[in-house]
Amino acid sequence: MKKLLYLILILFFTYSAYYTVAQENIIVEKSELTEKINGKKYYIHFVKQGQTLFSIAKAYGVTVNDIFTENPDAQLGISPGQLLKIPYVKIPQSDNLIKDVDFFYHIVKKKETLYNISKKNSITIEEIEKINPELKDVLKEGQYLKIPIKKESETLEFIAKTNGVIMEHRVIKGETLYSIAKQYSVTIGEIRNANPGLSDIINIEQVINIPNQRPTGLIDIGIPSDSVKYWEHKVMKKENLYRIAKNYAVSIDSIKLINPGLTEDIKIEQIIKIPKNDPKENYIIHTSDKKDKLNRIAKKYEVSYEDVKNLNPNMTNKVIKGQIIKIPVEIKEKTLPDSLKPQKIPIEDIIDPCERYEFNKQKIYNVALMLPLYLEEIDSIYIKDPSNINELSKLRSLKFIQFYEGMMIAVDSIEKIGLKINLFVYDVDNNIEKTNKILQSSELTEMDLIIGPFFSTSFELVSDFAKTFQIKIVNPLSTRSEIIFDNPYVFKIKPDINTQIEQLISFIVEDHPKNNIIIVRHNKYQHNTESNFLKNKLNNLLENGIYINNSAIDSIFNKNSFADITFIENSLIDPLLIKNSLNDSTLFNNKVKEIIYTSDSLPGLRNSLSIVRENIIIAISTDKVFTMVLLTRLNQLRDTFNIILFGLPKWDNYDDIETEHLLNLKLHSLSPIFIDYDTGNIKQFILKFRSKYNTEPEVNKYAFDGFDIGWYFLNALIKYGRDFEKCLPYFQINLIQTKYNFNKTDNNGYENSFWNIYKYEDYKIINARK
């Protein structure tokens, strides 16, 4: 490693001495310097001005993804002087004979097939085989393939024929490269490589090329190429575009694509081209072109709101611009004359493991549950005097017993539908010697899933074991993100506290975009990073200003008997001017305000509040004393101002706050778990738990965690098999206290990012996302 560091320093200064500005079409020269790192050979390449990842990959005969694998930071883009490790590929002499075909090298990854590689590169298997005459049927990991490079026109033609997804994205207000990359499930680096010269600063209406990647949750919308034939539909009385799209089971987007200029304003007897398709799903895709309501969209398509909600379980009734919605359709054989019957176009069968996987009812899955039972301390319990029953709660052996009991309800439910689970329960605590002994059990290598252990020292050992034998392992309780580092088999259930803010931002943008938003914190030193991130993100996503009708403002002034010039949201407003222009509107600054309580105090907060619109106060505090003071002060202001209070980061832990304050301020809080005892699922679970175990399930004893984790992962395992992780973005199942949204980065494991948002209302705690 010292040798490599020394080499890097020499190369850096050599590069600095000879640095010049590159010209257009700069030629990338392969570095003559190679280095072995962890037993693997690499070229050491320094990026020069004008070079792109694509040009570098082409020069070395590798793919851009190969560079990303060895240089994760490159996914954020590259810059002059940056060092890249390029996988060493020895090019055979026979390649010199191929002079009329432009190509690059692709290094085969584990479990890759010719089909996968052809789809990724928008070419056919035959084209790969033609340029690789020595190719055998079975690919090996590490094998290199020549991939022909097509002209742009050829690539676009192939994408149209294979129904691929290549897109131009037009930037709208508030979007960033990060939000666009997240929307399409690509990296910022991939977007930059598809848009040479793209900077971090993007402008509204700017058009950005999106790499050939499928957005998360996006389904093919049936976009045909010019060569695909179509039906001609004559518009009948009372028909609209929504009904036509539903009846033909094609999306409105695909209809508009072959009918340039078509709008929703269609006329009787108008002829509309309908692309021929062979629908395989019981839904079509609707992309919202404006803010809307889910129930309104359902009504336009003449389907029930409940059916649409069932297909889109994570959606609320509020729909944002650009949001993708599944619309249920009935797929049936159309009785058409022969001349109008669709001609099936032979296409290569598309492998979709998430839709076509058929579980085998005869398959028995092995699942290990590792709980701290401390069986060496106690193997049975005898209570002579029932009055001493409460003493049981002090036994370490029973601390996690309800997790086991909750999970057994999930196992029983799975087995009732005829599916088989072999559940192995191991007594694993924080004793390293004990854990190592269990890891020597011969059957453990045959597990399909491991849940636990619960203690960090033991989990580290078992997760290393799971990585070695490629077994998925679930950590039920840890909040530390380090447990997923460099282990792609780990699933972390509890979300990291840092993901709270992203969830809150999405909620506010969707539900409160026109409210007056104020961040309050105790002093300028505490929570500065969180506050700045929250403020900057919201300012980027929200409108800069909000217009409010003067008639509405005048009504509020009259109600509060304001006759003099009034200070509202740090601005002076004259009631007389408002009254003299009731048909006009007043513009209010919609930027997020910040109050540092130690310096601004209550007067500063009061001046930032609004009497003409609702106020969203986001209080960031871990100081309980300050939290209590703030609640008292805000409660004094709530008669004058309409306030909704959000408490971060762990206000769900405060159990001694006066309930009246929480109700008056409509407190919203975020928590990894939320149990609504009025829902049918919870009532049913509690009844089953009581019947089976003669006791009440308790949150702090992990009964609900046990059921949710068991129900989610056992269903995923049975539905998709051992490699269920690739299908989790499409896997939706009802849990009783939370949801799981797993995210993965690089070679790390999976981390749940979902936070429940609940609020106090009518002396109840209810789900705020409904």
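Predicted model: local features only at pLDDT ≥ 70, side-chain atom pairs only at ≥ 80, totals over all residues.
**A walk through the fold, starting at a proline**

Let's start at P453, which sits in the loop between β16 and α16 (456-468); helices (H or I, at least four residues) and strands (E, at least two) are DSSP runs, numbered from the N terminus. Residues are numbered from 1 along each chain as its sequence is written, and side-chain values use heavy atoms, with hydrogens and water left out.

As background, most residues other than glycine have a negative phi, and most peptide bonds are trans. You'll find Q470 in the loop between α16 and β17 (472-475). E302, another non-glycine residue, has a positive phi of about 60 degrees and sits in the loop between α11 (294-300) and α12 (305-311). Both are partly exposed, Q470 with a relative accessible area of 34% and E302 with 39%. Here buried means under 20% relative accessible area, exposed over 50%, and partly exposed in between (1.4 Å probe, protein chains only).

Now for the overall picture. The protein has 25 helices and 31 strands, and of its 770 residues, 44% count as buried. Contact means heavy atoms within 4.5 Å. Among contacts between residues at least 6 apart in sequence, 69% join residues at least 24 apart.

What do they pack against? Just after the helix, G418 takes a positive phi of about 90 degrees.

Several of these elements turn up again in the largest nonpolar core, which has 48 residues; I451, F713, F724 and F742 have the most contacts inside it. Such a core is a set of buried Ala, Val, Leu, Ile, Met, Phe, Trp, Tyr and Cys residues joined through side-chain atoms within 4.5 Å. β14, α14, β16, α24 and α25 each supply at least two residues of this core, and the largest share, twelve residues, comes from α25. Leaving aside neighbours within four places in sequence, F713 is in contact with L449, V474, F491, I493, F724 and F742. Apart from this core lies another, of 36 residues, among them V520, I546, I553 and F626.

How do α24 and α25 meet? They pack at an angle of about 110 degrees, with their axes 12 Å apart. Axes are lines fitted to C-alpha atoms, for helices over the stretch in contact, and angles run from 0 to 180 degrees between N-to-C directions. That makes α24 roughly perpendicular to α25, the label for 65 to 115 degrees (under 35 is roughly parallel, over 145 roughly antiparallel, the rest oblique). I682, F685 and F689 of α24 make the contact with A703, F704 and F707 of α25.

Finally, a few buried spots elsewhere. T435, in helix α15 (residues 432-439), is buried at 2% relative accessibility. Not counting residues up to four places away in sequence, T435 touches V428, D429, S458, L461 and V462. S669, in strand β27 (residues 668-671), is buried with a relative accessible area of 1%. Under that same exclusion of residues up to four places away, S669 touches G647, W651, D652, N756, I757 and Y758. I128, in helix α5 (residues 125-131), is buried at 0%. I128 and I147 are 19 residues apart in sequence and 6.2 Å apart in space, C-alpha to C-alpha.
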